[in-house]
Amino acid sequence: MPLELYYYETAPPSRAVVLLVKTLKLPINLRRVDLSKNENQTPDFIKMNPLKKVPVLNDNGIYISDSHAILTYLTSQYGMNSSHLYPRDLKKRAIVDSRLHFDNGVLFPSLANIIRPMVYEGQTTILEDKKKIALEALDFVEGLLKQTEWVAGDKMTVADFSLVATVTSLATLLPEVESYWKIQAWIKRCEKNMIFYEEVQRPGLESFKSLANRNAAPK
């Protein structure tokens with residue numbers, strides 16, 4: 001039974017996983033779940049992930065949710081020729097894991113705290129305190145990239161897939177991202193090294209930006 005990935009291109013975590021799938025050239029069935037139509041609220045989807053979130057990976061009846069878990073699982077299980085993406089060396093792997101936890105616990109929440117009030121509460125401006133938190137997270141990423149070309153070292157890893165999806169989404173909301181020179185150079189490296197980067201990222205980012213603009217428009 002082929003792998004199945006349930007995703008929604010507007011969501012950065014989904015894009016991160018699709019980028020990895022394309023880069024690893026994995027045979028997989030992509031199943032789009034339209035969150036705007038509440039397709040994540042159906043009984044069948046809730047059986048796969050009671051948290052009602054995407055992405056979800058189905059590997060022969062084993063359901064794995066959370067993009068960070070999926071990224072590491074796919075690389076460990078199927079990326080035999082791409083071990084640099086999730087190193088076997090435990091010290092190097094710990095660095096990758098720390099970047100994934102940073103995305104999960106700091107960077108992505110800073111994005112969510114900005115976009116959710118715009119989508120669900122009709123907020124029309126970004127509050128300064130929330131912008132400050134997001135920019136502090138970006139400061140950390142910029143600092144990492146002043147030391148190495150990739151966020152977890154000298155080689156591209158699954159952490160780059162995760163963070164680039166979040167950072168580029170933040171860039172649609174915060175023009176300040178353009179002033180982070182190391183981040184901008186890193187994004188270009190991701191564009192060059194991640195297969196089908198434009199194909200995956202462009203429609204997702206356009207959809208994300210449209211969602212934010214639509215809900216931020218004055219009533």
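**View 1. Contacts of Ile-46 in the predicted model.** Beyond its neighbours within four places in sequence, Ile-46 is in contact (heavy atoms within 4.5 Å) with Asn-40, Gln-41 and Lys-52. Ile-46 belongs to helix H2, residues 43-48. Helices are DSSP runs of H or I with at least four residues, strands are E runs of at least two, and both are numbered from the N terminus. Buried means under 20% relative accessible area, exposed over 50%, and partly exposed in between, with a 1.4 Å probe and protein chains only.

Residues are numbered from 1 along each chain as its sequence is written. This is a predicted model, in which local features need pLDDT of at least 70, side-chain atom pairs count only at pLDDT 80 or more, and totals for chains, interfaces and linings use all residues; side-chain values use heavy atoms, leaving out hydrogens and water.

View 2. Helix H1 covers residues 12-24 and includes Pro-12. Pro-12 has a relative accessible area of 5%, so it is buried. Which residues does Pro-12 contact, leaving aside its neighbours within four places in sequence? They are Phe-108, Leu-111, Ala-165, Thr-166 and Ser-169. Val-177 is 165 residues from Pro-12 along the chain, and the C-alpha atoms of the two are separated by 16 Å.

**View 3. The protein chain as a whole.** The chain has 8 helices and 4 strands. Along the sequence they follow the pattern β-α-β-α-β-β-α-α-α-α-α-α. The radius of gyration is 17 Å, close to the 17 Å of the globule rule for 219 residues, so the chain is as compact as a globular protein of that length. This radius is taken over C-alpha atoms; the rule is 2.2 Å times the number of residues to the power 0.38. The C-alpha atoms fill a box of roughly 50 × 45 × 25 Å along the principal axes. Buried residues make up 49% of the 219 residues. Among contacts with a separation of 6 or more, 71% join residues 24 or more positions apart.
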